[in-house]
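Have the structure open beside you and try each task before reading its solution.

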Amino acid sequence: HTHQSPKRGRSEDTNMEEKAATASPPRSPPRKKARNATGAAGSVAADTETQAPARRRMIKFNWRKDEEKESTDAELLLTPQKTGKTFVVSGGGVGMDHAQLRAMMVAKGWRERGIAESSARGAAAVGLVWVELMPEKRFDPRCYRVHCALKNLLDEDRKQCICNKGELHRLLAERAPEAAGRWLAHTRLLCDVHSVREGEVLILRPVGQWAWAGYEIYHAYDERSLKEGKRHLLKQFPGAIASEYVVDPLTWHGRKCHMRMYWLVRAASRDGSRPFQAELWERGKILTAAAEYHTGDWDNKEVHDSHGHSTPEDLLFPEDLEGADTADLLRQMREALVPVGEVLRNAAVPFAESRDAFEVFGADFLPTRRGTVVLMEVNERVGFQSAHEAEGTDPGGKYAAFLGAYLHWVYDKAIAPLFDEAQAILGMEVPPGRPADH
């Protein structure tokens with residue numbers, strides 16, 4: 001990730017929607033034929049496992065009222081009382097240890113069912129579908145054929161209002177300009193930037209469904225670097241953006257760093273029984289650059305880019321962020337996400353196959369030496385990899401303890417309110433857990 005500097009919103013932000021709308025959409029890379037990791041309906045592979053979910057999500061994106069009503073009427077019947085405490089885990093192999101998830105669910109009286117049996121035609125609905133990316137960085141297409149009362153995934157097209165960085169900046173500047181000026185870097189469409197002021201540094205980056213697929217992020221600090229970045233980005237991404245860069249980041253042992261915080265969003269129930277809810281966990285991860293921070297040398301990614309792979313060990317917020325008022329940083333981060341939640345409120349809806357839905361987003365914040373934070377972006381791919389995942393170690397059990405605390409937080413906030421309350425009211429008895437066919 002690269003990072004930006006907070007500035008007051010400016011008038012050209014309001015023109016971003018018009019100019020982005022008139023720009024032709026970016027061409028999908030020829031080598032990418034399967035659906036991407038977000039499940040966006042672009043080019044799809046020839047196999048029927050991929051085609052069916054893609055077609056269904058394209059219909060969902062069009063949001064035709066008759067199709068909405070048809071799916072809604074069916075899924076309203078999938079109450080926790082009818083499905084019981086049964087769950088399916090889909091995907092895995094990318095960061096999260098599902099052994100801890102399964103152990104927690106079984107200990108709480110749930111029975112696991114396999115994805116194969118649950119996605120078969122005529123299979124009984126399950127209580128919960130927990131979806132994770134597969135190693136090839138996409139979702140198992142069978143997860144969209146499992147009917148359930150609850151899924152940990154919101155409709156993927158609609159949530160782009162916050163996960164597409166350009167859209168997030170545009171919508172906040174339009175709907176909450178004061179908050180945008182306080183919490184976001186000043187951002188413009190790259191096509192509108194024709195010069196760089198003396199001492200100014202800009203981050204030039206693509207936005208859109210293919211923006212994550214290995215494309216470069218550029219720094220512009222003079223006319224030459226601006227021209228070079230525009231030449232590389234605008235042909236493929238007409239809606240690319242330019243944001244101002246933070247020059248006074250807080251550091252961890254001299255390295256630039258940012259926090260990956262976990263923001264849980266629960267969509268309003270289809271029947272109106274439960275309202276939209278959003279909550280930021282008090283803990284998170286700290287990601288660092290590879291080398292010591294200094295101004296200048298703007299093209300050196302080891303100095304200016306912070307990522308999981310450049311972080312030397314598992315660093316956690318708040319305990320490992322030294323020299324900062326972490327309680328005040330947490331307060332600021334929660335306040336910054338309030339207007340983001342309002343942008344997402346009406347767009348947070350379940351997929352057609354699930355009655356209710358929640359999702360945990362990765363909100364990236366950059367702390368500054370001034371004691372403030374900058375909201376960098378909101379990610380739909382949370383990224384739970386350990387710094388020691390490659391060697392298969394966990395010094396002191398630090399990461400396992402962190403993951404366990406995270407899973408119990410998600411359960412208490414998103415799952416228990418639907419299932420454990422229903423079980424208590426009805427006096428439901430749930431058989432002990434059993435192994436599943438995966």
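**Exercise 1. Find the bridge partner of Leu-204 in strand 7.**

Solution. Leu-204 has Tyr-218 as its bridge partner in strand 7. Strands here are DSSP runs of E with at least two residues, and helices are runs of H or I with at least four residues, numbered from the N terminus. Next, look at the two strands as a whole: strand 6 and strand 7 run antiparallel and are joined by three bridges. Strands count as paired if DSSP finds at least two bridges between them.

Before going on, note that this is a predicted model: local features need pLDDT of at least 70, side-chain atom pairs count only at pLDDT 80 or more, and totals for chains, interfaces and linings use all residues. Residues are numbered from 1 along each chain as its sequence is written, and side-chain values use heavy atoms, leaving out hydrogens and water.

**Exercise 2. Work out the strand order of the open sheet.**

Solution. The four strands lie in the order 5-8-6-7, with antiparallel pairing. At the edges are strand 5 (187-189) and strand 7, each pairing on one side only.

**Exercise 3. Which residues of helix 10 are buried, and why do they line one face?**

Solution. Start with the list: Ser-225, Leu-226, Gly-229, Lys-230 and Leu-233 are buried (under 20% relative accessible area; exposed is over 50%, partly exposed in between, with a 1.4 Å probe and protein chains only). Finally, turn to the face away from the buried side: it carries the exposed residues Arg-224, Lys-227 and Arg-231.
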